[in-house]
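Please read these notes with the model open beside you.

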Amino acid sequence: ASSGELGSRQGGLNALYDDASILRFLSAQNMNVAKAAEMVRAHAQWVTDFRPSTITLDEIKEELAKGSMFIFRCDAQSRPIVIFRISKNNPENTNKEKFLRMVILFVETAVRRAPAAVGTFTLLIDFEGYSLANNDMQMTKDTFNLLSAYYPERLGACYLVDVPWIFSAFWYAVKGLMSERTVQKIKQVSRAELGKHIPSEALPTFLGGRSRYEHTGEQRRSLGVFPQYSDGKPVY
């Protein structure tokens with residue numbers, strides 16, 4: 001299968017995607033052209049409905065203010081690291097759509113910061129302080145489905161750090177709803193083990209690293225973690 005072959009099946013949709021984008025959709029479907037073509041059509045409809053390129057910092061400022069998600073350094077493979085501190089996110093006071101739009105903006109920003117030859121990012125989910133109050137099976141499912149369906153082959157690795165036992169049954173149920181390719185990229189690790197996967201200088205101190213991080217506007221700007229589009233066009 002080739003990107004040109006896939007493009008010819010899209011009825012003009014290929015004008016929205018470059019060869020690298022189409023190749024990611026093909027890879028996500030194990031080079032099955034028919035399935036990749038359907039995936040691209042679904043993605044094009046999602047872009048129309050969700051309008052990812054219109055997301056602004058102002059519309060998600062309440063979610064950003066929680067400090068639950070930010071971009072921090074790069075791992076050994078030059079993949080920007082997106083950190084999500086799950087204990088700072090309470091489903092009862094979270095606007096689901098704004099949360100997902102925040103996730104999209106961080107994913108887009110991380111991918112843009114990655115070298116072109118890399119084109120992926122690493123996701124760290126920190127469970128320190130996690131309780132059942134932070135438990136939202138649907139939002140977790142929607143987040144990982146968003147990554148696999150609309151940003152295929154953009155997630156390079158995902159580490160679940162210090163997962164508590166109360167999350168195990170919940171995670172088993174969510175994992176069964178994910179694609180196998182996504183599941184294979186996810187590892188459960190302890191803080192002590194995380195350093196084997198990511199250099200300590202690329203990790204904040206609260207994750208056992210050597211880099212200080214505080215959630216302040218000045219710090220966020222200096223680290224370049226304010227998400228933004230550079231040209232008004234989304235990353236596929």
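**Notes on the predicted model**

1. Start with helix α3, residues 33-50. It has 18 residues and reaches 25 Å from its first C-alpha to its last, close to the 26 Å expected at 1.5 Å a residue. The expected span is 1.5 Å times one less than the number of residues in the helix. Helices (H or I, at least four residues) and strands (E, at least two) are DSSP runs, numbered from the N terminus.

2. A word on the basis of these notes. The model is predicted, so local features need pLDDT of at least 70 and side-chain atom pairs count only at pLDDT 80 or more, while totals for chains, interfaces and linings use all residues. Residues are numbered from 1 along each chain as its sequence is written, and side-chain values use heavy atoms, with hydrogens and water left out.

3. The whole protein comes next. Its secondary structure comes to ten helices and five strands. Of its 236 residues, 49% are buried. Buried means under 20% relative accessible area, exposed over 50%, and partly exposed in between (1.4 Å probe, protein chains only). Take the contacts between residues at least 6 apart in sequence: 77% of them join residues at least 24 apart. Contact means heavy atoms within 4.5 Å.

4. Back to α3 and its ends. Asn32 caps the N-terminal end, with a side-chain oxygen 3.2 Å from the backbone nitrogen of Ala34. After the helix comes Arg51, whose phi is positive, near 50 degrees.

5. Which residues of α3 are buried? They are Val33, Ala36, Ala37, Met39, Val40, His43, Ala44, Trp46, Val47 and Phe50. An α-helix has 3.6 residues a turn, so residues three or four places apart point the same way. Ala42 also lies in α3. At 37% relative accessibility, Ala42 counts as partly exposed. Ala42 and Tyr150 are 108 residues apart in sequence, yet 8.5 Å apart in space, C-alpha to C-alpha.

6. Not counting residues up to four places away in sequence, Ile125 touches Phe84, Ile86, Phe144, Cys158, Tyr159, Leu160 and Val161.

7. Why is β4 described as largely enclosed by the rest of the structure? Six of its seven residues are buried, so the rest of the structure largely encloses β4. Six bridges join β4 to β3, and the two run parallel. Within this pairing, Asp126 has Val161 of β4 as its bridge partner. The chain crosses from β3 through α6 to β4, and this β-α-β crossover is right-handed. That means the path from the first strand over the helix to the second runs clockwise, with the strands pointing away from the viewer.

8. β4 has another partner to check. It pairs in the parallel sense with strand β5 (residues 186-189) over four bridges. Tyr159 stands opposite Lys187 in β5. Two strands pair if DSSP finds at least two bridges between them.

9. Asp75 deserves a look. It lies in the loop between β1 and β2. At 6% relative accessibility, Asp75 counts as buried. Its side chain makes a polar contact of 2.8 Å with the side chain of Arg79. Another, of 2.6 Å, joins the side chains of Asp75 and Thr122. A polar contact is a pair of N or O atoms within 3.5 Å; within protein, one must be able to donate a hydrogen and the other to accept it, and residues adjacent in sequence count only if both atoms are side-chain atoms.

10. Finally, check two backbone angles. Asn30 is not a glycine, but has a positive phi of about 55 degrees. Asn30 sits in the loop between α2 (19-28) and α3. Arg73, in strand β1, is not a glycine either and has a positive phi of about 55 degrees.
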